[in-house]
Amino acid sequence: MKEHFKIHNKLIRKIALDNLRVFGVIIIFLPIYYKWRNGTDFIYNEIWLWMFLGFIALLNIPVLIMYLNYYFENKNTIFTLDNEKEKIIITHCGIKKAYLKSEIKKSIYHLGIYYKNALDRGSRMPMLISDFGYWELEFENGDRYYLTNILHDFIHDTPKVANTKYRFRFYPYIKRNDSKQAIDLDKIKVKN
């Protein structure tokens, strides 16, 4: 079975819905809470409006930077997973290359720190950048690709390649010279 992955807009839709939730909490529930707590109506004035808009803009600046980073990395990339032939076919800037899964030297999922909650129950608060992540693939011949989740939302899937390791960071921006060690989730589950 072949699976084809190219840029989609699912992540943008999710971010827009999250923004609507934040906006709804600020515009709808804050005045209700204020009236319940103080017994008077919450009065919107220009200062409050600018504070709300500034808060929403502050939340979205990292999201915009992250999305642009991922988009420019994968704007000319399409990848195909052929599970029957055990191949990965990557087309980048019009150049098509096919690799066997056995040729993979390193496979790492770089995820936001929020996804570490399932392991250590750390009660981290999810943020708008929590759904960003990328898959770093390095092959035996030295080719390296960064396949982001604007191509495929792999974050909740089981890894496509055996021996995939994980790396959790607060801000999963693509870093080409990242030398920190990734962890193997299977070993952590066995420890616990």
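E136 is buried, with a relative accessible area of 4%. That value falls under the 20% limit for a buried residue. The model is a predicted one. E136 lies in strand 6, which spans residues 133-139. Its salt-bridge partner is K106, and the closest N and O atoms of the two are 3.4 Å apart. K106 belongs to strand 5, residues 104-112. The pair therefore ties together parts that are 30 residues apart in sequence. K106 is partly exposed, at a relative accessible area of 28%.

A salt bridge joins K106 and E138, with an N to O distance of 3.5 Å. E138 is buried, with a relative accessible area of 13%. These contacts belong to a wider arrangement. K105, K106, E136, E138 and R144 are linked in a network of salt bridges.

The whole structure was searched for such contacts, and eight salt bridges were found. One of them is formed by R21 and D18, whose closest N and O atoms are 2.5 Å apart. Both residues lie in helix 1, which covers residues 10-38. They are three residues apart there, so about one helical turn separates them. Their surroundings can be compared through accessible area. R21 is exposed, with a relative accessible area of 53%. D18 is buried, at 13%.

Four strands form an open sheet in the order 1-2-3-4, and their pairing is antiparallel. Strand 1 (2-5) and strand 4 (95-100) stand at the edges. Each has a single partner strand, so one side of each is left without a neighbour in the sheet. On average, neighbouring strands of this sheet are turned by 15° against each other, direction ignored.

In general, the strands of a sheet pair through backbone hydrogen bonds, in either a parallel or an antiparallel manner. Here, strand 3 (residues 87-92) and strand 4 run antiparallel and are joined by six bridges.

Definitions and conventions:
Residues are numbered from 1 along each chain as its sequence is written. This is a predicted model: local features need pLDDT of at least 70, side-chain atom pairs count only at pLDDT 80 or more; totals for chains, interfaces and linings use all residues. Side-chain values use heavy atoms; hydrogens and water are left out. Two strands pair if DSSP finds at least two bridges between them. Helices (H or I, at least four residues) and strands (E, at least two) are DSSP runs, numbered from the N terminus. Axes are lines fitted to C-alpha atoms, for helices over the stretch in contact, and angles run from 0 to 180 degrees between N-to-C directions. A salt bridge is a side-chain nitrogen of Lys or Arg within 4 Å of a carboxyl oxygen of Asp or Glu. Buried means under 20% relative accessible area, exposed over 50%, partly exposed in between (1.4 Å probe, protein chains only).
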